[in-house]
Amino acid sequence: MRLDNKVALITGAAGGIGRETALRFAEEGARVVAVDLSHDAVAAVASEVIEAGGKAMAFAADVSKASDCEAMVAEAEAEFGRLDVIFNNAGIMHSGDDDAVSTDESVWELTMNINAKGVFLGCKYAIPALRRAGGGSIINTASFVAVMGSATPQVAYTASKGAVLSMTRELAVIHARENIRVNALCPGPLHTELLMKFLDTDEKKQRRLVHIPMGRFGEAREMANAALWLASDESSFTTGATFLVDGGITSAYVTPQ
Ligand code: NAD
């Protein structure tokens, strides 16, 4: 199996991409530490993994808090003896996130604290554990909006994902000789709760869909498969990558109708 003997910690594991990735990684032999805000929600995902024949544990943590991030990594090592992969995937898209004029400072701060600082803290505490394991793979969820502007304004979200992408590149360079790879998964628009809540009318959904050459939203399972490749040794020469999995949206100038 592609993740045999590996221990993988996934944040934002109660829903969307994180949940699918927990299931997918476990199918490939990983022992999964599923992390999210609500213990009940993430325990349900860990139970799903176990019922499907995999190995998983649940841990409640807020990735914007240093003590929680330190504790989640410590728990992974205590329970499973090592850490090989961290998928810093938790993120929010706030309904009050708009253009620079309309967005409250509090929305900016909350978004940056979870989406950008949360990734920094995940790396801060996971890197020493990856060193102890002899190396590993860090996958940070950025977004296609880190490389192109969105017609539907979400300035805090976009800035936070830009921070994730540039932080990923720098960490990749710093840790390359320690056998620690760091890559950014940049999903296109997905059919998950996060985006469907934000694009809450058919008109808003259509405005986004019209830009996607494939003519549909992506599925969380498709991101889980991309993360699987980055987590596995199959991607052993890949670090610092902007891994766009986006139905072609960032390649399109005019989309087929
Ligand atoms: P989702 O809302 O289904 O899942 C996100 C999870 O993160 C939730 O379970 C939520 O509880 C958790 N979370 C939020 N704040 C947290 C915190 N402080 N600490 C711990 N967990 C927290 O969304 P998704 O679509 O699966 O998104 C996953 C990642 O993918 C996010 O970083 C998102 O920005 C990114 N992304 C999503 C899309 C999309 O179109 N859905 C596109 C590009 C990037």
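Is N5 buried or exposed? Select N5 and take a look: with a relative accessibility of 61%, N5 counts as exposed, because the cut-off for that label is over 50%. Keep in mind as you click around that this is a predicted model.

**Stop 1: two asparagines with positive phi**

While N5 is still highlighted, note that this residue sits in the segment before β1. Its backbone is worth a glance too: phi of N5 is near 70 degrees, a positive value in a residue other than glycine. Now jump to N179, in the loop between α5 and β6. N179 is not a glycine either, and its phi is positive as well, at about 65 degrees.

**Stop 2: the largest nonpolar core**

Next, select L9, V33, V35, M72, V73, L83 and I138. These are the residues with the most contacts inside the largest nonpolar core, which has 36 residues. To see where the core gets its residues, colour β1 (7-11), β2 (31-36), β3 (55-60), α3 (66-80), α4 (105-132), α5 (155-175) and β6 (180-187); each of these elements gives two or more residues to the core. Which element gives the most? That is α4, with nine residues. As background, nonpolar side chains tend to be buried together in soluble globular proteins.

Zoom in on M72 and show what surrounds it. Setting aside residues up to four places away in sequence, M72 touches L9, T11, V35, F59, A61, I86 and G122.

There is also a second, separate core, this one of 29 residues. To find it, select L23, A30, I139 and A226, which are among its members.

**Stop 3: the ligand**

Centre the view on the ligand. How many residues surround the ligand? The count is 27, and the closest are I17, D36, Y157, L190 and T192.

- T192: a polar side-chain atom lies 2.5 Å from an oxygen atom of the ligand.
- I17: a polar backbone atom is 2.8 Å from a ligand oxygen atom.
- G16: here too a polar backbone atom is involved, 3.4 Å from an oxygen atom of the ligand.

**Stop 4: N140, a polar residue inside**

Select N140 in strand β5 (residues 136-141). N140 is buried, because its relative accessible area is 0% and the cut-off is under 20%. Display side chains and you will find a polar contact between the side chains of N140 and T168, at 3.0 Å. Beyond its neighbours within four places in sequence, N140 is in contact with N88, V119, C123, V164, T168, V182, N183, A184 and L185.

**Stop 5: S64**

Move on to S64, in the loop between β3 and α3. Is S64 buried or exposed? It is buried, with a relative accessible area of 16%. Its side chain makes a polar contact with the side chain of D62, at 2.7 Å.

**Stop 6: the aromatic pair**

The structure holds one aromatic pair. Select W229 and F243 to see it: the centres are 5.7 Å apart, the planes make an angle of 55 degrees, and the pair counts as tilted. W229 lies in helix α8 (residues 220-231) and F243 in strand β7, so the pair ties together parts that are 14 residues apart in sequence. W229 counts as partly exposed, at 29% relative accessibility. F243 also falls in the partly exposed group, at 25%.

**Last stop: A252**

Finish at A252, in the segment after β7 (242-245). A252 counts as partly exposed, with 25% relative accessibility. What is A252 in contact with, leaving aside its neighbours within four places in sequence? Show H211 and P213, and you have the answer. For one more distance, pick the C-alpha atoms of A252 and M167: these residues are 85 apart along the chain, and their C-alpha atoms are separated by 26 Å.

Definitions and conventions:
Residues are numbered from 1 along each chain as its sequence is written. This is a predicted model: local features need pLDDT of at least 70, side-chain atom pairs count only at pLDDT 80 or more; totals for chains, interfaces and linings use all residues. Side-chain values use heavy atoms; hydrogens and water are left out. A nonpolar core is a set of buried Ala, Val, Leu, Ile, Met, Phe, Trp, Tyr and Cys residues joined through side-chain atoms within 4.5 Å. Buried means under 20% relative accessible area, exposed over 50%, partly exposed in between (1.4 Å probe, protein chains only). Helices (H or I, at least four residues) and strands (E, at least two) are DSSP runs, numbered from the N terminus. Contact means heavy atoms within 4.5 Å. A residue is near a molecule or strand if one of its heavy atoms lies within 4 Å of it. A polar contact is a pair of N or O atoms within 3.5 Å; within protein, one must be able to donate a hydrogen and the other to accept it, and residues adjacent in sequence count only if both atoms are side-chain atoms. Rings of Phe, Tyr and Trp (its six-membered ring) pair if their centres lie within 6.5 Å; planes under 30 degrees apart count as stacked, over 60 as edge-to-face and the rest as tilted.
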